[in-house]
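Subject: Structure for you to look at

Hello,

Here is the structure I said I would pass on. Please open it first; my notes on what was found follow below.

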Amino acid sequence: MKIFCVGRNYADHAKELGNAIPEEPVIFMKPKSALMQSNAPFFYPEFTNELHYEVEIVLRICKNGKHIAEDSAEAYYDAFTIGIDFTARDIQAELKKKGLPWEKAKAWDNSAIIGKWVPFTPEILSNPIKFSLQKNKETVQRGTTDDMIFSFNQIVSHISQYFSINIGDLIYTGTPAGVGECVTDDMLEGFYGDEKMFFLEIK
Ligand code: MG
């Protein structure tokens, strides 16, 4: 099982971190050990002083494939959820400055949060998906698939030019503007529309 992530897929978020709008999807990966098991406690990692949430739509891959065309990509994912791509922003800033890989900032144990799965229906796929994150009951991030630079199909197709994708793989599709810091005792709740998808308390 692999976890793919797309960076800078929302123009407002790329701008808030001072990054250029990408011409093709920015892809990085997290290992399987990054996936937070549901109901496990989340502990603030000891190696960072700037833990950032990034709320994202996560796709679940349901079919094996490689070199997938954009117009057939829809057959390769069957469900989505709302998750968090946790980022040690202080470490990422250091690594970016030196031009080094991001794994220590992005791919550590339990850095990939997922909520409950929602099966795709034709109706869901034909409307914008709206999602948000609340921190301590206040909305801190709001996103809609309308604002994505690269669509689900473009992302799946692009990834599959380089990597085979397999049943059970996950794709974090990027975060909208509003990323920010969280600290011990913060409560994070992800929403699809009004429906709560996950609850996480930072210990
Ligand atoms: Mg992200």
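A nonpolar core, as the term is used here, is a set of buried Ala, Val, Leu, Ile, Met, Phe, Trp, Tyr and Cys residues joined through side-chain atoms within 4.5 Å. Please keep in mind that this is a predicted model.

The core

The largest nonpolar core has 45 residues, and those touching the most other members are F42, F80, F86, V156, I171 and L188. Two or more residues come from each of β1 (3-7), β3 (51-53), β4 (55-61), β5 (77-85), α2 (89-98), β9 (130-135), α5 and β14 (195-201). Another core, of 10 residues, lies apart from it and includes L35, A112, L170 and Y172. As background, nonpolar side chains in soluble globular proteins tend to be buried together.

F42 sits in the loop between β2 and β3. Buried means under 20% relative accessible area, and F42 counts as buried because its relative accessibility is 1%. Beyond its neighbours within four places in sequence, F42 is in contact with M36, L51, F86, W108, N110, I113, L200, E201, I202 and K203.

Helix α5

How much of α5 is covered? Eight of its 11 residues are buried, namely F152, N153, I155, V156, S157, H158, I159 and S160. Their cover includes β1, β2 (26-30), β4, β5 and β11. V156 touches L59, I68, A73, Y76, Y77, I165 and I171, leaving out residues up to four places away in sequence.

F163 counts as partly exposed because its relative accessibility is 32%. Together with M29 and Y162, F163 makes a nonpolar surface patch of about 280 Å².

The metal site

Which residues coordinate the magnesium ion? They are E54 (OE), E56 (OE) and D85 (OD), at 2.0 to 2.1 Å. The donor residues are spaced E-x1-E-x28-D in sequence. E56 belongs to strand β4 and D85 to strand β5, so this pair ties together parts that are 29 residues apart in sequence. E56 and D85 are both buried.

Regards

Terms used
Residues are numbered from 1 along each chain as its sequence is written. This is a predicted model: local features need pLDDT of at least 70, side-chain atom pairs count only at pLDDT 80 or more; totals for chains, interfaces and linings use all residues. Side-chain values use heavy atoms; hydrogens and water are left out. Patches are made of residues with over 30% relative accessible area and no salt bridge: like charges are joined within 9 Å, nonpolar side chains (Val, Leu, Ile, Met, Phe, Trp, Tyr) within 5 Å. Accessible areas come from the Shrake-Rupley method with a 1.4 Å probe; for residues, only the protein chains shown count as cover. A salt bridge is a side-chain nitrogen of Lys or Arg within 4 Å of a carboxyl oxygen of Asp or Glu. Buried means under 20% relative accessible area, exposed over 50%, partly exposed in between (1.4 Å probe, protein chains only). Helices (H or I, at least four residues) and strands (E, at least two) are DSSP runs, numbered from the N terminus. Contact means heavy atoms within 4.5 Å. Donors are N, O and S atoms within 2.8 Å of the metal (3.2 Å for Na, K and Ca); water is not among the atoms, so sites may look incomplete.
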